[in-house]
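Q: I have a structure open and want to learn how to read it. Can you take me through some features, step by step?

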Amino acid sequence: MIGVDIGTTSTKAVLFNEKGEAVCRHGVEYPLHTPAPGTAEQDPEEIFRAVIKAIKEVTLQTKEKISFVSFSSAMHSLILVDENDQPLTQSITWADNRSADWAVKIKKEHNGMEIYRRTGTPIHPMSPLVKLAWLNAEHNELFRKAKKFISIKEFIFHRLFGEYVVDYSIASATGMFNLENLDWDEEALKVAGVTGNQLSKPVSTTESLTELKTEYTEMLGLPAETPFIIGASDGVLSNLGVNAIEPGVVAVTIGTSGAIRAVTDRPVTDPKGRIFCYALTDKHWVIGGPVNNGGMIFRWVRDELASAEVEVAKRLGKDPYEVLTDIADKVEPGSEGLIFHPYMAGERAPLWNAKARGSFFGLGMHHKKEHMIRAVLEGIVMNLYSVLLALEEMIGSPTRVQATGGFARSELWRQMLADIFDQEVEVPESFESSCLGAIVLGMYGQGTLDSLEEVKTMVGSVHSHQPDEKATEAYRRLMPIFIRLPRLLESEYDVISAYQEERSRL
């Protein structure tokens with residue numbers, strides 16, 4: 001079985017055996033183009049080539065028959081395609097904030113909260129609903145040329161099979177999909193300026209397509225009848241892949257971005273509009289909050305603040321991130337009163353404010369670079385904890401926290417999560433949780449598994465961390481300050497972001 005994860009920075013394909021054990025994997029990276037403030041796009045052709053290469057490389061490493069290929073994909077992407085099924089735009093990603101003013105407009109003038117309550121997607125520039133309203137109003141000539149408005153997964157499946165289909169999970173992240181009816185929401189479509197015919201046909205996440213186009217059977221080394229299971233979004237499949245689908249279990253992911261999620265047996269939305277609700281199956285719904293600012297902020301520290309440390313890492317033959325976490329580990333929890341708000345790419349949960357900006361607070365002469373590095377790591381986790389506080393109003397306190405994503409490779413970051421959350425944290429054996437989740441969903445859809453809960457037999461635990469009481473006390477004192485500051489700065493975020501946008505146009 002092959003699990004494919006079409007991510008923001010790379011596509012990964014992992015070959016699994018029938019026990020859910022990873023046999024081999026291959027990843028292909030690609031850039032996120034950010035030529036101007038607010039813009040975050042990718043080349044759909046480049047991503048398609050990455051998907052083909054990743055699958056091909058793992059099929060070459062086995063002589064066994066591939067029983068199916070199942071897909072995970074990043075959410076909220078938008079591509080306009082013309083009458084000839086060719087892209088008119090790049091893939092506009094979740095991180096693109098150019099429609100920020102339209103998010104405000106929809107909230108105020110178009111029953112934004114009611115649309116959210118029916119669709120489960122907060123009104124925010126990440127949402128294809130908001131992107132479409134913006135394109136319709138400000139780029140109408142381009143908008144009118146489009147035959148279809150699709151995501152990157154829909155683009156890939158159309159290339160492979162010639163059909164426009166979208167799974168319930170990706171559809172439920174568009175802001176235009178009614179969670180109760182499992183179909184497009186008419187009021188949301190009117191706000192977006194599109195019709196249901198201009199969108200793909202919604203199908204179950206266990207839907208499989210066969211009759212792969214001949215050119216790709218030869219390229220991939222797969223028979224045409226190999227089932228390609230449409231799968232779901234990366235977030236909900238990550239929950240499945242880390243065995244966080246039982247009531248009370250919370251999954252925390254920090255990759256490029258980050259998220260906190262839990263599973264319910266019915267759609268749940270928040271009266272305050274702070275959390276999302278996306279489909280896993282028609283009986284499993286994932287609620288939680290995504291953050292823009294995860295590991296990419298640590299990468300910014302590496303690239304912009306730590307050139308000397310990167311050189312040291314090269315000489316020692318070590319990963320630069322390992323050197324930086326070693327430095328941060330020498331600083332006491334709480335960074336001696338230095339707090340970092342990681343809103344460098346605006347923020348989704350819990351603020352849902354595309355104009356938020358990052359800041360250090362409490363900076364004193366006694367602080368050094370190592371304090372700043374640790375404060376950045378703490379700020380990313382504290383921001384996720386503030387999302388958990390909102391989620392707890394829906395599901396209560398978690399019984400267990402499962403941690404996944406690139407950050408889970410760092411012992412310091414794992415312990416920091418346990419200390420800030422004041423919870424035991426377990427790290428599953430599989431770091432490729434979305435790929436494993438895609439495989440489990442595929443087995444469930446193909447009838448190999450009777451229940452998704454059988455994933456627990458496939459997921460071991462390699463790390464477990466208990467909170468340290470002294471560290472937890474330090475974070476308990478700092479968290480109220482961390483939460484209050486963005487509220488106090490809300491109007492200032494508008495002013496400084498407007499200034500930055502003005503300067504970028506000069």
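A: Start with a definition. A salt bridge is a side-chain nitrogen of Lys or Arg within 4 Å of a carboxyl oxygen of Asp or Glu. Keep in mind that this is a predicted model.

Q: How many salt bridges does the structure hold?
A: There are 25 salt bridges. Take one of them: Glu 432 pairs with Lys 12, and their closest N and O atoms are 3.3 Å apart. This pair links distant parts of the chain, 420 residues apart. Lys 12 sits in strand β2, while Glu 432 is in the loop between β22 (425-428) and α16 (433-445).

Q: Are Glu 432 and Lys 12 buried or partly exposed?
A: Use the cut-offs. Buried means under 20% relative accessible area, exposed means over 50%, and partly exposed lies in between. Glu 432 has 14% relative accessibility, so Glu 432 counts as buried. Lys 12 has a relative accessible area of 25%, so Lys 12 is partly exposed.

Q: Where do Arg 118 and Asp 185 lie?
A: The side chains of Arg 118 and Asp 185 form a salt bridge, 2.8 Å from N to O. Arg 118 is in helix α3 (residues 112-119), and Asp 185 is in the loop between β11 (183-184) and α8 (186-192), so the pair ties together parts 67 residues apart in sequence. Arg 118 is partly exposed at 25% relative accessibility. Asp 185 is buried, with a relative accessible area of 5%.

Q: What describes a pair of aromatic rings?
A: Two values: the distance of the centres and the angle of the planes. A search of the whole structure finds 14 aromatic pairs. Among them is the pair of Phe 298 and Trp 413, with centres 5.5 Å apart and planes at 70°. Planes over 60 degrees apart count as edge-to-face, so this pair is edge-to-face. Phe 298 lies in helix α11 (residues 295-305) and Trp 413 in helix α15 (residues 411-421), 115 residues apart. Both residues are buried.

Q: Which aromatic pair do Phe 407 and Trp 413 form?
A: An edge-to-face pair, 5.6 Å centre to centre, with 85° between the planes. Both Phe 407 and Trp 413 are buried. Elsewhere, ring pairs link Phe 71, Phe 157, Phe 161 and Phe 228 into a cluster.

Q: How many residues of helix α10 are buried?
A: Seven of the eight residues in α10 (residues 234-241) are buried, so by the under 20% cut-off the helix is mostly covered. The buried residues include Val 236, Leu 237 and Leu 240. After α10 comes Asn 243, with a positive phi near 60°.

Q: Which residues form surface patches?
A: Glu 18, Glu 21, Glu 64 and Glu 429 form a negative patch. Glu 21 is in the loop between β2 (10-16) and β3 (22-29), and is partly exposed at 41% relative accessible area. Trp 300, Leu 305 and Met 344 make a nonpolar patch of about 230 Å². Met 344 is in the loop between β19 (339-341) and β20 (359-361). At 33% relative accessibility, Met 344 is partly exposed.

Terms used:
Residues numbered from 1 in each chain as written. Predicted model: local features only at pLDDT ≥ 70, side-chain atom pairs only at ≥ 80, totals over all residues. Heavy atoms only, no water. Patch = residues over 30% accessible without salt bridge, like charges linked within 9 Å, V, L, I, M, F, W, Y side chains within 5 Å. Areas by Shrake-Rupley, 256 points an atom, 1.4 Å probe, with all protein chains shown as cover. Lys, Arg positive; Asp, Glu negative; His and termini not counted. Charge placed at Lys NZ, Arg CZ, Asp CG, Glu CD. Helix = DSSP H or I, 4+ residues; strand = E, 2+ residues; numbered from the N terminus. Buried < 20%, exposed > 50% of the residue type's maximum accessible area, 1.4 Å probe, protein only. Phe/Tyr/Trp six-rings, centres within 6.5 Å; stacked < 30°, edge-to-face > 60°.
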